[in-house]
Amino acid sequence: MWKFLFCFLFIRYGTGEKIIIIGAGSSGIAAASKLLSHNISDFRILEAEDRIGGRIHSIHLGSAYVDLGAQYVHGMKNNLAYELAHNFVIPGNELNYTWMYYNGKRRVDDNLLNTLWDLTPETYEDGGSNVSVGDAFLSRYNSTVFNQYKNDTQMLTFAKDFIRICECSILGLEGSFSWFKPIATSSFQDCDGPNTLSWNGLGYKTILDLLLKNFPNKTGYDITNNLSLNTTVTKIIMEENSVKVKCADDSEYNTEYVLWTPSLGVLKHDHKSIFQPKLSDERINAIENFGFDGVMKIVFEFPNNWWGEEKYFWFVWNEKDKDDVIKDVSFGPVKNGDHWLSWFFHVGSAPNNSNVLIGWMVGPMVAETEKLTEEQMKNGTVYVMRKFLSNDFNVSEPIRVIHSKWCTDPKFRGTYSFETMDMSIKNISSPQRILQQPVFSTDGVPRIFFGGEATSPTRYGTVDGAIETGYREGNRLASILKNQD
Ligand SMILES: Cc1cc2nc3c(=O)[nH]c(=O)nc-3n(C[C@H](O)[C@H](O)[C@H](O)COP(=O)(O)OP(=O)(O)OC[C@H]3O[C@@H](n4cnc5c(N)ncnc54)[C@H](O)[C@@H]3O)c2cc1C
């Protein structure tokens with residue numbers, strides 16, 4: 001008896017809402033806004049972090065906001081993020097201000113670069129079915145670039161080293177640790193229009209206010225009373241005609257419907273411990289074979305602007321650079337003879353923020369690299385910037401260097417989903433469609449719903465895809481509730 005009383009004292013029972021939304025990323029917030037637009041406020045959002053936004057994480061650095069997660073609105077047409085953001089985003093200038101450095105701090109000649117870009121496969125999606133992005137790229141590169149320069153030893157060497165830049169760009173796009181994992185022919189659909197529309201210093205977080213109709217004026221929905229931050233869900237138990245949600249802080253919620261929005265990475269790692277009864281084999285198969293690895297962003301605040309006007313620097317590593325860094329920087333991971341810093345390939349201007357640069361690191365060591373301290377990250381990345389740029393620039397010591405930790409953070413466990421070779425081998429054509437199916441209770445009622453970017457069949461991996469799934473599930477729940485009345 002005392003045990004029962006003891007438990008009763010420490011379990012906090014939830015507030016009895018009809019719907020529990022798990023996760024306050026763009027999908028969860030979009031679902032909440034959709035419910036509110038249907039005049040439904042009988043929901044609670046449980047969020048593990050102490051903030052909303054999830055993989056949208058804008059921090060104030062220098063004179064504006066910079067994004068450690070999502071940064072760009074990708075395209076305009078049929079893009080839900082653009083529909084909300086169109087008055088506040090501007091097209092990026094990356095291609096016009098690209099400066100590439102190679103071999104002993106030499107800036108690569110723009111004409112040569114343009115020739116190489118022209119020869120480099122613009123799309124790798126025509127490599128045929130059942131081919132990885134890496135294989136498709138390399139076979140086209142062989143027949144175009146290598147073929148063109150087969151009698152020019154110097155160019156051939158540069159073209160070989162240039163492959164790493166292409167590999168890094170692709171890994172950045174896909175979010176995978178290896179370019180042999182993503183499949184070349186995917187179901188992702190581009191939206192027409194510029195692909196890098198930026199928030200110009202406002203931060204992608206602005207979209208959360210736009211979703212809640214609170215930008216530019218705070219006159220929209222107030223979700224304060226519907227939101228529990230610092231609340232990590234640990235169990236979702238399907239009962240006969242309801243769902244019980246248990247949290248790490250011992251709070252419990254008995255509810256009619258649950259909307260799950262955390263990342264595919266969280267699902268991969270935690271589905272066995274969270275869902276009771278266990279998820280169907282078909283769903284588990286989809287979870288296991290859909291791809292979710294990661295990239296790292298590094299933001300630098302400098303005491304001065306040493307690069308002048310807008311710039312996007314790319315570092316083309318050659319064999320000597322790779323040997324040097326192994327000798328010169330003794331900390332951090334090394335894998336297959338590659339030093340972690342040789343995957344640091346790009347750093348560029350932060351919009352509307354004169355003393356801030358944003359860098360990218362990709363490849364198989366991202367997760368281990370996340371564990372480095374800020375000081376190690378600063379020393380390593382400044383070494384690289386000085387190595388490549390010091391003929392032309394006086395790279396100063398940054399005031400702050402902050403790197404993202406998406407892969408090692410248990411609330412994310414990676415960055416964005418991608419379609420894999422494994423899906424094709426195992427004949428899973430659309431894991432997104434499998435994942436978005438609700439789970440039914442034994443009385444035949446759909447009770448657990450699934451949103452989040454990985455449930456978008458054609459815009460997975462993006463904010464607009466996440467919003468689409470939030471709207472979809474918000475509408476679905478609204479129509480169920482309306483039919484109950
Ligand atoms: C580095 C990086 C760069 C990106 N760049 C772009 C870009 O330029 N453009 C673009 O469109 N997209 C970009 N993306 C992708 C985009 O950020 C995501 O697709 C989108 O934000 C996902 O939203 P979501 O709501 O599906 O998931 P999330 O944002 O992950 O939200 C899920 C929420 O669930 C919470 N949660 C997790 N587990 C639990 C639990 N057990 N209990 C309670 N809460 C939990 C998490 O804390 C999180 O807040 C980028 C992502 C990253 C990481």
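In these legends Ala, Val, Leu, Ile, Met, Phe, Trp, Tyr, Cys and Pro count as nonpolar, Asp, Glu, Lys and Arg count as charged, and the others, Gly among them, count as polar. The model shown is predicted, so that local features need pLDDT of at least 70 and side-chain atom pairs count only at pLDDT 80 or more, while totals for chains, interfaces and linings use all residues. Residues are numbered from 1 along each chain as its sequence is written, and side-chain values use heavy atoms, with hydrogens and water left out.

**View 1. The residues of the shell around the ligand.** By the classes given above, the shell divides into 16 nonpolar, 16 polar and six charged residues. Of the 38 residues around the ligand, those that come nearest are Glu-47, Arg-55, Tyr-72, Glu-453 and Val-463, where a residue is near a molecule if one of its heavy atoms lies within 4 Å of it.

View 2. An oxygen atom of the ligand lies 2.9 Å from a backbone N or O atom of Ser-27. A polar backbone atom of Tyr-72 is 2.7 Å from a nitrogen atom of the ligand, and a polar side-chain atom of His-74 lies 3.1 Å from a nitrogen atom of the ligand. Taken alone the ligand exposes 1000 Å², of which the protein buries 98%; accessible areas come from the Shrake-Rupley method with a 1.4 Å probe, and for residues only the protein chains shown count as cover. Helix H2 (26-37) and helix H15 (463-484) are the elements that give two or more residues to the shell around the ligand, helices (H or I, at least four residues) and strands (E, at least two) being DSSP runs numbered from the N terminus.

View 3. The domain assignment of the chain gives domain 1 (2-56 + 205-291 + 413-484) and domain 2 (64-188 + 296-403), with bounds that come from an automatic or database domain assignment. The C-alpha centres of domain 1 and domain 2 lie 33 Å apart, and the contact between them takes 27 residues from domain 1 and 27 residues from domain 2, contact meaning heavy atoms within 4.5 Å. Because domain 1 and domain 2 both give residues to the shell around the ligand, the ligand lies between them.

**View 4. The loop that holds Asn-352.** Asn-352 is found in the loop between strand S22 (344-350) and strand S23 (353-361), and Asn-352 has a positive phi of about 55 degrees although it is not a glycine. At 53% relative accessibility Asn-352 counts as exposed, on a scale where buried means under 20% relative accessible area, exposed over 50% and partly exposed in between (1.4 Å probe, protein chains only). Leaving aside residues up to four places away in sequence, Asn-352 touches Ser-63, Ala-64, Asn-200 and Gly-201. A polar atom of the side chain of Asn-352 lies 3.3 Å from the backbone oxygen of Asn-200.

**View 5. Two cis peptide bonds.** The peptide bond from Phe-215 to Pro-216 is cis, with omega near 5 degrees, and Pro-216 has its place in the loop between helix H7 (206-211) and strand S11 (227-228). A cis peptide bond also joins Gln-276 and Pro-277, with omega about 0 degrees.

Note on methods
A polar contact is a pair of N or O atoms within 3.5 Å; within protein, one must be able to donate a hydrogen and the other to accept it, and residues adjacent in sequence count only if both atoms are side-chain atoms.
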